2 protein chains.
Amino acid sequence: MPRKLEFDRNEAVAAATETFWEKGYGATSLDDLTERLGIGRASLYNAFGDKRALLLEALDEYSATARRGLNEALASNVSGKIAITSMLERVACCDGTAVRGCMCVTVGIEINGADSEIQRTIINNIERMEDAFAALIVRGQADGSVKPEIDAPATANALAALVVGIHSMKRIGVAPSGLQRAVAAQLALL
Amino acid sequence: MPRKLEFDRNEAVAAATETFWEKGYGATSLDDLTERLGIGRASLYNAFGDKRALLLEALDEYSATARRGLNEALASNVSGKIAITSMLERVACCDGTAVRGCMCVTVGIEINGADSEIQRTIINNIERMEDAFAALIVRGQADGSVKPEIDAPATANALAALVVGIHSMKRIGVAPSGLQRAVAAQLALL
DNA sequence: TTTGTTTTGTACTAAACGGTCTAGAAAGGA
DNA sequence: TCCTTTCTAGACCGTTTAGTACAAAACAAA
């Protein structure tokens, strides 16, 4: 019966994700969003509620994409070590927009626990990554590509911290070569 | 001849450091600063120039403190491995205000390369930490506390990334237990 | 076409922002 | 005591902020 939305909702969320990813939450203004999404303020408020709700939708979309990436790594037929290698090397990539780092890390650091719903979403993503690393270490120990004596869940924590650190350092602007050497060194330790 | 400053400049910079450390740069308002420093706007502008200049002074003070910490670790008489252990364990500490993470990481991520002077200061701190780690690894290899086959500078990059990651995760709100396990696992790999 | 519902563009609000200005207070030299 | 210089408090400035009000436009059912 009524009028339809003139824009594609998924496309709008994707555009919002890009914007928050690039600038963080607080530094993204409504004008930034309306310009990037190509819609007016009223449309944005009508469709999403407010800026924070739009961020939550963007985080959900980002999380879903991240989860797909982890599932691909887990589903692949390569050895545990190789799967971990490709994950870490993808993180250390600094081409194009990758220097923005990780949206969850950027927003999570900015939020500083002041919004528990956002915080929970972000921590959840990190924990999922830790689980994936732990599973791949176990797989690597089974197929002989990872040293048998290492503690899988604890080392998974260390790998996750390394990943978060590399994302942070990319955004800070640390030279890419050092990040790639860090990944290579860490892989050599496994 | 003329009137003297009514406040202690060093104390004011220290208070500004606390404020920026806690809230980041953009989210710290002039009102936050004047309240925390206990001085008026005019005094702040008279003594420091503007908000950004005050941040730079705060970063300098923070950097000096960090450098002293690194020099202490380098000057201590313990083995390389033990010196690295105490550095990492101090980073993983989540007591009190330590959950704020590292001021350089927080501000550096927020700035996102938009201010090259601030960026340079922060990257400099990270590189100094990498140098310290590299020296301690070499020392550890000399005294037998660190495996001889590892690549010292590259592994120093990895340790620095781990440290930055732990600082980020502390601020994001990840459970401290996981961070401590990450440190323990990383130490076991050296 | 008429009616009812929703979206849209635009103008607006109230608050907060960084920064400046001004009036006056404080302090040393003459 | 006066004069000069600097510092301080607080009002003030223009801009930007997130969010809202409202009327016009678009669509679908009748």
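Residues are numbered from 1 along each chain as its sequence is written, and chains are lettered from A and ligands numbered from 1 in the order in which they are written. Because the model is predicted, local features need pLDDT of at least 70 and side-chain atom pairs count only at pLDDT 80 or more, while totals for chains, interfaces and linings use all residues.

**Chain A**

The secondary structure of chain A consists of nine helices and zero strands. Helices (H or I, at least four residues) and strands (E, at least two) are DSSP runs, numbered from the N terminus. Along the principal axes, the C-alpha atoms of chain A fill a box of roughly 60 × 40 × 30 Å. Of the 190 residues in chain A, 40% are buried. A residue is buried if 20 or more other C-beta atoms lie within 10 Å of its own, exposed if 12 or fewer, and partly exposed in between, with C-beta atoms placed from the backbone. Among the contacts in chain A with a separation of 6 or more, 70% join residues 24 or more positions apart. Two residues are in contact if their C-beta atoms, placed from the backbone, lie within 7 Å.

| Helix of chain A | Number of residues | End-to-end C-alpha distance | Expected span |
|---|---|---|---|
| Helix 1 (9–23) | 15 residues | 21 Å | 21 Å |

In helix 1 of chain A, the residues A:Ala12, A:Ala16, A:Thr17, A:Thr19 and A:Phe20 are buried. The buried residues of this helix pack against helix 2 (30–37), helix 4 (51–75) and helix 6 of chain A. After helix 1 comes A:Gly24, with a positive phi near 85°.

Helix 8 of chain A has 19 of its 21 residues buried, so it is largely enclosed by the rest of the structure. A:Gly173 follows helix 8 and has a positive phi, near 110°.

**Contact between chains A and B**

On chain A, 41 residues are in contact with 41 residues of chain B. Helix 6 (103–111), helix 7 (116–143), helix 8 (152–172) and helix 9 (176–189) of chain A each supply at least two residues of the side of chain A that touches chain B. Helix 8 of chain A provides the largest share of that side, 14 residues. By class, the side of chain A that touches chain B has 23 nonpolar, 14 polar and four charged residues. Here Ala, Val, Leu, Ile, Met, Phe, Trp, Tyr, Cys and Pro count as nonpolar, Asp, Glu, Lys and Arg as charged, and the others, Gly among them, as polar.

**A helix pair in chain B**

The axes of helix 4 (residues 51–75) and helix 7 (residues 116–143) of chain B come within 11 Å and cross at roughly 5°. Helix 4 of chain B is therefore roughly parallel to helix 7 of chain B, a term for angles under 35 degrees. Axes are lines fitted to C-alpha atoms, for helices over the stretch in contact, and angles run from 0 to 180 degrees between N-to-C directions. The contact of these two helices of chain B has 12 nonpolar, three polar and three charged residues.

**Surroundings of DNA strand C**

DNA strand C is surrounded by 25 residues, the closest being A:Pro2, A:Glu6, A:Gly40, A:Ala42 and A:Ser43. A residue is near a strand if its C-beta atom, placed from the backbone, lies within 6 Å of it. Helix 3 of chain A gives the most to the surface near DNA strand C, with five residues. The residues of this surface divide into 12 nonpolar, four polar and nine charged.

Note on methods
The expected span of a helix is 1.5 Å times one less than its number of residues. Angles under 35 degrees count as roughly parallel, over 145 as roughly antiparallel, 65 to 115 as roughly perpendicular and the rest as oblique.
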